[in-house]
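Dear colleague,

I am handing over the structure below, and my notes on what was found in it follow directly after. Please read them with the coordinates open beside you.

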Amino acid sequence: MDQTEKDTTSAMPILIDLVAMYVITGILLVILAAVISRIELADGVVSIGIIATYIVSCFAGGFFIGKKKKRKKYLWGLCVGLFYFVVLLMGNLAVNRGLNGQLVQMMTTAVLCTLSGMAGGMLS
């Protein structure tokens, strides 16, 4: 097996990409928390900041995986965005012990994560 076949079949680039996405998310959420502590923001503005964090992180993840994978970049970006959402969902289910009526918000987040990951992959 040559190097290009090994790179396309290995799960390691996806895992590294997911870790990078969550590092970006952490950094952006710390910045958002610092802004919130300095300025009283409405709940709607905070929600927009969190959604923007998801979009930026998934776009960056799709972009990174698209650079690593040379073919079907949009599909790899979509998969990475979906994996990101699945980890978010599992964390939410573990903390809240259920969805607690948040199904619409979770589906919206799923669509935003997958589409922004796909856009990042397409633009890589």
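A residue is called buried when its relative accessible area is under 20%, exposed when that area is over 50%, and partly exposed in between. Please keep in mind throughout that this is a predicted model.

By that cut-off Thr-25, with a relative accessible area of 6%, is buried. Thr-25 belongs to helix H2, and, leaving aside residues up to four places away in sequence, Thr-25 touches Thr-53, Ser-57 and Tyr-84.

Ala-119, which is found in helix H5, has a relative accessible area of 27% and is therefore partly exposed. Between Ala-119 and Leu-32 there are 24 Å in space, taken C-alpha to C-alpha, and the two are 87 residues apart in sequence.

Turning to the helix pairs, the axes of helix H3 (residues 43-68) and helix H4 (residues 73-96) cross at roughly 135° and come within 8 Å, which means that H3 is oblique to H4. The crossing of these two helices, H3 and H4, is right-handed. On the H3 side the contact is made by Tyr-54, Ser-57, Cys-58, Gly-61, Gly-62, Ile-65 and Gly-66, while H4 contributes Lys-73, Trp-76, Gly-77, Val-80, Gly-81, Tyr-84 and Leu-88. Sorted by class, the residues in this contact of H3 with H4 are seven nonpolar, six polar and one charged.

H3 also packs against H5, where the axes come within 6 Å and cross at roughly 35°, and the crossing of H3 with H5 is right-handed. In this contact Ile-51, Tyr-54, Ile-55, Cys-58, Phe-59, Gly-62 and Phe-63 of H3 meet Thr-109, Leu-112, Cys-113, Ser-116, Gly-117, Ala-119, Gly-120, Gly-121 and Leu-123 of H5. The contact of H3 with H5 comprises ten nonpolar and six polar residues, with no charged ones.

Finally, which residues make up the largest nonpolar core? This core has twelve residues in all, namely Ile-14, Leu-18, Met-21, Tyr-54, Cys-58, Ile-65, Val-80, Tyr-84, Phe-85, Met-106, Ala-110 and Cys-113. At least two residues of the core are supplied by each of helix H2 (12-38), H3, H4 and helix H5 (103-123).

With best wishes

Definitions and conventions
Residues numbered from 1 in each chain as written. Predicted model: local features only at pLDDT ≥ 70, side-chain atom pairs only at ≥ 80, totals over all residues. Heavy atoms only, no water. Axes fitted to C-alpha atoms, helices over the stretch in contact; angles between N-to-C directions. Helix = DSSP H or I, 4+ residues; strand = E, 2+ residues; numbered from the N terminus. Parallel < 35°, antiparallel > 145°, perpendicular 65-115°, else oblique. Left-handed = near helix turned anticlockwise from the far one by under 90°. Contact = heavy atoms within 4.5 Å. Nonpolar A, V, L, I, M, F, W, Y, C, P; charged D, E, K, R; others polar. Core = buried A, V, L, I, M, F, W, Y, C linked by side-chain atoms within 4.5 Å. Buried < 20%, exposed > 50% of the residue type's maximum accessible area, 1.4 Å probe, protein only.
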